[in-house]
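Some questions on how the descriptions of this structure follow from the values behind them.

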Amino acid sequence: MTQTKPNTIEVAQQAFKHLSHGLATGDWNQLVDMLTDDFTFWFPVGPFHGLNVGKDRVREFFQYVSESFSEGITITSVERITSNETTVVFEFRDEGKLRGEPYKNRIAISLDIRGDKICAYREYFGSDGKSN
């Protein structure tokens, strides 16, 4: 019996679903379960700026996100999904309240897939405060 290799886009879409859930609720467990033990993530600003390594560090990051967006963040639209054999990029819009102030943003995240797990995450964003 042959075992089929997990489809990169399907794994990434499941992770994105868990990311969306975490952003909205602060419950990150399903997403953390999808991460490899050697998981790395890159974030563009703040206390997590640059390369971060490991599940403990990403749990700290998710706690920081949940505290910063205590009312949750809603992904309002997915603009584009681009993929190859190992990487999937999601471009999307989200909104919520950042430390009580209105927040809207355009985000691009890149997920690297290994088997049925996420081994790396990179995030890029920019907000002009007016993006629709």
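Q: Why is Arg93 called buried?

A: The model is a predicted one. In it, Arg93 has a relative accessible area of 15%. Buried means under 20%, so Arg93 with its 15% counts as buried.

Q: What is the place of Arg93 among the elements?

A: Arg93 lies in strand E4, which covers residues 87-98.

Q: What makes the pair Arg93 and Glu79 a polar contact?

A: The side chains of Arg93 and Glu79 are joined at 3.0 Å. The cut-off for a pair of N or O atoms is within 3.5 Å, one able to donate a hydrogen and the other to accept it, so the 3.0 Å pair of Arg93 and Glu79 qualifies.

Q: How do you know whether the radius of gyration of the protein agrees or disagrees with that of a compact globule?

A: For 132 residues, a compact globule would come out near 14 Å; the protein has 15 Å, and therefore the two agree. Along the principal axes, the C-alpha trace spans about 55 × 30 × 25 Å.

Q: How many of the 132 residues count as buried?

A: The share is 40%, with the cut-off at under 20% relative accessible area. The protein exposes about 7,800 Å², of which carbon and sulfur atoms supply 48%.

Q: Which elements make up the protein, and how do they run?

A: There are three helices and six strands. From the N terminus, the order is α-α-β-β-α-β-β-β-β.

Terms used. Residues are numbered from 1 along each chain as its sequence is written. This is a predicted model: local features need pLDDT of at least 70, side-chain atom pairs count only at pLDDT 80 or more; totals for chains, interfaces and linings use all residues. Side-chain values use heavy atoms; hydrogens and water are left out. Helices (H or I, at least four residues) and strands (E, at least two) are DSSP runs, numbered from the N terminus. The radius of gyration is taken over C-alpha atoms; the globule rule is 2.2 Å times the number of residues to the power 0.38. Buried means under 20% relative accessible area, exposed over 50%, partly exposed in between (1.4 Å probe, protein chains only). Accessible areas come from the Shrake-Rupley method with a 1.4 Å probe; for residues, only the protein chains shown count as cover.
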